[in-house]
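Work through the exercises below with the sequence and the model open. Each task is followed by a solution in steps.

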Amino acid sequence: MQQKGFVSFIGVCLSLICLFYLSFNVVTSHYDNKAVEYAAGDKMAEFHYLDSLASEKVWLGYTLKECREKQLNMGLDLKGGMNVILEVSVPDIVRNLSGNSKDATFNQAMALAQERSLSSQKDFVDLFYEAFLELDPNARLSAVFSTFDLKDEISLQSSNEDVLKVVKERVDAAVSNSFTVLRTRIDRFGVVQPNLQRLENNGRILIELPGVKEPERVRKLLQGSANLEFWETYNLTEIYSGLMEANNVLRDVVAAEEPAPVAEETPEVAEAEARVEEEPTSLGALDSLTAALDASVQAEDSAALVAEFRRNNPLFAILQLSTYNGSPAETPAIGIVSVRDTAKVTEYLNLRQVKDVLPRDLAFRWAVKGVDEQNRFFYLYAIKVTNRDGKAPLEGNVITDASSSLSQYQTSFEVDMTMNPEGAKVWARLTKENIGRSIAIILDDMVYSAPRVNSEIPGGRSQITGDFTQEEAKDLANVLKSGKMPAPSHIVQEDIVGPSLGQEAIHDGMVSFLIAFILLMCYMILMYGVVPGLIVDGALLINVFFLIGILTSFSAVLTMPGIAGIVLTLGMAVDANVLIYERIKEELANGKTHKTAVGAGYKNALSAIVDSNVTTLLTGIILFAFGTGPIKGFATTLIIGIITSFFTSVFLTHLVYDLLVNRDKVDGLKFTTPVSANLLKNVAIRWMKNRKIGYIVSAAFIVVSILSLVFHGLNFGIDFTGGRNYVIAFQQPVNTEEIADLVQPAFEDASVSVITIGTDRQVRVSTNYRVNDKGREVDDEVESKLFEALKDKLNPELTREQFVKGYTVDAGNHPHVAVSADEQTFGVQSSQKVGAAIADDIKKDAYMAVALALCVIFLYIFIRFRSASYSTGSVVAVAHDTMMVFGLYSIFYSIMPFSLEIDQAFIAAILTVVGYSVNDTVVVFDRVREIHKLYPSRPSTELVDEALNATLVRTLSTSVSTLIVLLCIFALGGDTIRGFVLALTVGVIVGTWSTLFIAVPISYDINQARANRKAKKGGK
């Protein structure tokens, strides 16, 4: 093999990269185990331990937090958590920009655009503009949008194109700002490794929150409108005595609680906590007492005195007051708190006894950003509540514009802000009354800035300074503008997976993976001998190593479909080596030496391997482009797996055989075993003569499929119809028909379906009840109806909250909300919601993906083989396979004990079947082309029969190896993915059939018809 050095270099580089990224998983796993050991079952202690080390450098200069960000993430279906697609209301933004115009044409166009948006992929603003001109071709947008707020950008003379550009920019800014606000909210929520993506669809944002156990809190967090406020503040000097008294009150409260003795800490934990406590020193936040202790007392005495200080000063032990020259500073940022202590400080300050000794109009707010770059410490601000109703004196709806700019001295950035006349009056009064003091700018109860007022600011125009970087100034400007342009949002798709269900998925996925891998390795040894089999097995191991490493480097999320993609990749990776080994066996049978046969085998098989891999790669790319969530994860795995399997199967194994050849270690290899030596040897099946039998059998199945599709239909999942799914676990076995009879009356005229998931104690309830209605109250209503309908089958002491959140029972059968993923839970295990609008979009994307896949495959095969007969045969075979899978789903969806729904996973399966089917067909076509070049004068019938017979062992061997993998996933991979795997399994079987009896025969018939026409023309 040429370029051995280059292949070795690539292999070494890939190995080092993968080792680097996979090492982060080892490091985080090590610290997770230490946290579990230290916490001894206390989840809060476990969290505090990991939090205390988050900013510590633990590996190659990376902090533990950075290591977590670089490790391979588990998807929600494996880890549990919440997946939400949030839609920012673009129509509401447009109405806001128009000043809620009463113009008849505008309002009719808005209504028409909203109606059309339900069935169109176009941007809403474009739909509105089309409807606006359709209603009145001479209408001018400037008459609607030349409002006071937009006076600097739009005038009555502005053209429609100019106005449309401004509107689009403002809409995009509003959605971007909503994205920024959501990201800040989620960062403060404390979710580990959240994932936020702004989707291509205008106004939609994907949010993944692994490990979330409070979906109701998350819903409120995500759907609450941004609340921008301006508050007067207290200085520390004004409330210092009150804080001292509060500290004394807390000392008595904490002492009265008589806490249990604290277990002795391990040296590692003590060291970690010592480091955390020392951090404020670098920020100048420790008071003089701690400084004196550090300077004059030995380490053991210091620890004792610090413990004593903590007992006597519970507040000041965790709240380090802001000081200047040893005295309280005149600043509203009264002190610094470690991120792990913010909840405790909030708890202390909200105690009734503490509030009684502090000013009644005093409130506290946290800074949105940490003091340090690692966000380990946060300022606490003191806010003055001057209005009786508790509202801020000035709110964000008065802001008309805000922008960032370079400061006068060009050393930092500042923010320019403009208010409407009403806001300008209040702002002038506020600034006049607070000269020399600070005014806090707060969004969602977080302080973004607290600029000092130097003089009264009339006219509503002002600058906010504060040593901002360009990014910080831009973010603050966006925050200020959010008050002017609220962007209401609502959840259009939601998936919630309980942690116990996630643990089950991890177990099932890993078991299926390991068993499939072992069986595949044994199969290769059984078919080709110990040494050739072990070489392939080694390539498979390296392939998995590369695949997981590259997924980690891309910050990919591993899902259950992703695990299926990895396992399926293993089955398909074997195909290349099967092709190579079969060609080597042919060369050996022709009398060539082992050295020559190995080289010829790799060379002659390369064309078929490339073609088969490219066609599958194309379907993977299409799937990635049109899929979302777990399906995109499956596509990512499939794409990377195809590339890594090609490298390992073709180049690395060739490198090994070159080493064996150079050492004369290959001459004894037969590439056969007693099992495979005579398998399909000297086959002489007359395929083309009997091709009509294949046509008749396929036609019969197609007719049955069509009849079933017409009269029985398909079971469309909520991905395509919209609705809600709930997986519910019961303490006792239940009957699906009985559950359906109980649930159906609760949902009136809506459709309800109930199927078993896993065991007879777990079902999935699906309904499209009020699918078009939005708002959390609808979700609450559905959950309440479900709970009331199923009461007779549930624990008699169960509450609705326990049912929805997932519960466990003690020895006395008393229910309580589960707190650990290790506990067996009952009640709602997972839920899913898809709005009707997004369901339509998913359906359109699915249809487009399948159609595009067929077109791309047709074009690729046409270009590669320069013949429409090959392309036509392939596309007809793919259409045949697709119809067969659809027919199977239609016939059996009401019979099978697991879900056979048409959803995104099914479309992924269909596209994978398309890729596999073409993969198989291309190999045969490649052999037909090769034989035709060698014997151009031989009859076509003989050429095609010889090609099919020569590749029959490879066709069946690849199918068997892939089926081994799929059957393992089907049997052990869990019910949530069983329908998906069944589609793939059927696809492999019918794909093999269609290669032999549809694709190649149709191509043959087209070529024969063409030859007959030429003969007739020649005869004339």
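Helices (H or I, at least four residues) and strands (E, at least two) are DSSP runs, numbered from the N terminus. The model is predicted, so local features need pLDDT of at least 70 and side-chain atom pairs count only at pLDDT 80 or more, while totals for chains, interfaces and linings use all residues. Residues are numbered from 1 along each chain as its sequence is written, and side-chain values use heavy atoms, with hydrogens and water left out.

**Exercise 1.** Locate Asp-372, decide whether Asp-372 is buried or exposed, and find what its side chain reaches.

Solution. Step 1: Asp-372 lies in the loop between β12 (362-367) and β13 (377-384). Step 2: its relative accessibility is 11%, so Asp-372 counts as buried (buried is under 20% relative accessible area, exposed over 50%, partly exposed in between; 1.4 Å probe, protein chains only). Step 3: the side chains of Asp-372 and Arg-376 are joined by a polar contact of 2.6 Å. A polar contact is a pair of N or O atoms within 3.5 Å; within protein, one must be able to donate a hydrogen and the other to accept it, and residues adjacent in sequence count only if both atoms are side-chain atoms. Step 4: the Asp-372 side chain also reaches the backbone nitrogen of Phe-377, at 3.3 Å.

**Exercise 2.** Describe how α22 and α31 pack.

Solution. Step 1: helix α22 (residues 594-626) and helix α31 (residues 904-934) have axes 8 Å apart, at an angle of about 160°. Axes are lines fitted to C-alpha atoms, for helices over the stretch in contact, and angles run from 0 to 180 degrees between N-to-C directions. Step 2: α22 and α31 are therefore roughly antiparallel (over 145 degrees; under 35 is roughly parallel, 65 to 115 roughly perpendicular, the rest oblique). Step 3: the residues in contact (heavy atoms within 4.5 Å) include Ser-607 and Leu-623 of α22 and Ala-908 and Arg-929 of α31.

**Exercise 3.** Which relation does α31 have to α32?

Solution. Step 1: the axes of α31 and helix α32 (residues 940-950) come within 9 Å and cross at roughly 130°. Step 2: α31 is therefore oblique to α32. Step 3: among the residues that meet are Val-924 and Ile-931 in α31, and Leu-943 and Ala-947 in α32.

**Exercise 4.** Describe the surroundings of Ala-999.

Solution. Step 1: Ala-999 sits in helix α34 (residues 978-1019). Step 2: with 0% relative accessibility, Ala-999 counts as buried. Step 3: leaving aside neighbours within four places in sequence, Ala-999 is in contact with residues including Gly-873, Thr-921 and Phe-925.
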